[in-house]
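Please look over the sequence and the model shown here before reading on.

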Amino acid sequence: MTAPDQAQTYSGFVAIVGKPNVGKSTLLNSFLGTKVAPTSHRPQTTRRGVRGISTSGDRQIVFIDTPGIHKPKDALGKYMNNEVHNALADVDAVVWVVDLRHPPTDEDKLVAHQIRDLPKPLFLVGNKTDAAKYPDEAMRLYAALLEGRAQEFSQTMLSAQNNVNAVATLREQLLEVLPENPFFFPLGSASDQSREMWAAEIIREEAMKKLRDELPYAVATRVNSWTEREDGLQRIEGEIVVEKNAHKGMVIGAGGKQLREIGQAARKQLEVFLNHKVYLGLEVIVIPGWREDEEALRELGYE
Ligand SMILES: Nc1nc2c(ncn2[C@@H]2O[C@H](COP(=O)(O)OP(=O)(O)OP(=O)(O)O)[C@@H](O)[C@H]2O)c(=O)[nH]1
Ligand SMILES: [Mg+2]
């Protein structure tokens with residue numbers, strides 16, 4: 001007897017790496033056509049290696065959005081770089097995102113050094129073509145950082161924000177390099193994070209956008225309860241965690257204005273992506289020195 005026909009599938013992991021703020025998470029969201037990862041104008045927005053899943057016919061890519069590679073200053077920073085290191089070890093292909101608005105910096109060289117000799121398909125993506133004055137020249141300088149690499153690499157210039165077609169073409173190229181594997185995630189899943197983690201990241205994104213100076217980096221968020229009312233309203237209770245008592249008032253703002261603004265912006269995003277009315281309750285709590293505290297980091301999901 002012959003075994004029943006098993007449909008052949010192709011599936012693999014693709015890491016999106018690069019220095020902070022080049023548009024890695026924007027590119028991930030654009031690949032998926034939905035919002036899986038937080039994005040902001042501040043470097044080091046991504047802290048965790050979030051997975052975003054994209055399935056087409058018999059092929060499934062599991063993208064891993066990674067934190068920007070940087071010189072770590074605290075335990076959180078070390079955790080973030082470690083996330084990149086782990087992602088690179090296990091993936092089938094690597095997408096290296098660079099910002100074409102400027103030539104390579106030392107941080108780009110740090111990234112190039114980590115990925116240059118990896119024996120896996122490598123895609124150099126020059127991003128932000130919409131805002132770059134000399135994209136071709138910049139791209140040449142980035143490509144030169146891979147000089148000496150034994151394997152070939154492919155190059156694309158695009159705008160992750162505006163260029164849907166170029167992003168789709170790049171996705172097609174990535175689908176082609178996947179190895180034969182069963183799907184790692186069920187059809188229909190867009191990400192590996194729980195809805196609570198996802199919502200907490202949206203709240204953190206809005207907090208990072210609104211807060212100033214060091215505060216965006218001293219903030220963590222979590223969602224402790226999520227219930228659905230009969231009429232469909234999603235009731236979400238979240239916390240903004242800060243390091244010091246002095247930060248608490250700064251997040252809340254005069255008369256609670258700033259916290260209200262963060263909450264309103266986060267609620268609007270949640271409503272768009274959930275397609276439901278949302279009630280978002282937010283509280284600010286202090287966990288002294290959480291960024292240097294291994295146990296607190298774990299409690300906040302950085303493990
Ligand atoms: N002009 C322009 N801006 C972009 C483009 N893609 C991303 N950005 C902006 O660049 C900033 C950083 O984007 P992110 O996607 O958060 O960058 P990231 O590489 O994930 O950053 P980290 O998580 O901090 O490492 C945001 O303000 C984006 O809106 C683009 O194609 N063009
Ligand atoms: Mg990011």
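In this predicted model, the protein chain holds nine helices and nine strands. Its radius of gyration is 20 Å, close to the 19 Å that the globule rule gives for 303 residues, so the chain is as compact as a globular protein of that length. The C-alpha trace spans about 60 × 55 × 35 Å along its principal axes, and 37% of the 303 residues count as buried. If one takes the contacts between residues at least 6 apart in sequence, 68% of them join residues at least 24 apart.

Helix α4, which covers residues 135-144, shows how burial can be arranged within one element: Ala-138, Met-139 and Tyr-142 are buried. Seen down the axis of α4, these buried residues fall within an arc of 100 degrees, and they therefore line one face of the helix. On the other side of α4, Asp-136, Glu-137 and Ala-144 are exposed. The buried residues of α4 pack against the elements listed in the table.

| Element packed against by α4 | Residues |
|---|---|
| β4 | 93-99 |
| α3 | 106-115 |
| β5 | 122-127 |
| β6 | 154-157 |

Turning to the ligand, there are 24 residues around ligand 1, and Gly-23, Ser-25, Thr-26, Thr-46 and Gly-68 come nearest. Helix α1 (residues 24-32) gives the most to this shell, with three residues. By residue class, the shell around ligand 1 divides into six nonpolar, 15 polar and three charged residues.

How values were computed. Residues are numbered from 1 along each chain as its sequence is written. Chains are lettered from A and ligands numbered from 1 in the order in which they are written. This is a predicted model: local features need pLDDT of at least 70, side-chain atom pairs count only at pLDDT 80 or more; totals for chains, interfaces and linings use all residues. A residue is buried if 20 or more other C-beta atoms lie within 10 Å of its own, exposed if 12 or fewer, and partly exposed in between; C-beta atoms are placed from the backbone. Helices (H or I, at least four residues) and strands (E, at least two) are DSSP runs, numbered from the N terminus. The arc is that of the directions from the helix axis to the C-beta atoms. Two residues are in contact if their C-beta atoms, placed from the backbone, lie within 7 Å. The radius of gyration is taken over C-alpha atoms; the globule rule is 2.2 Å times the number of residues to the power 0.38. A residue is near a molecule or strand if its C-beta atom, placed from the backbone, lies within 6 Å of it. Ala, Val, Leu, Ile, Met, Phe, Trp, Tyr, Cys and Pro count as nonpolar, Asp, Glu, Lys and Arg as charged, and the others, Gly among them, as polar.
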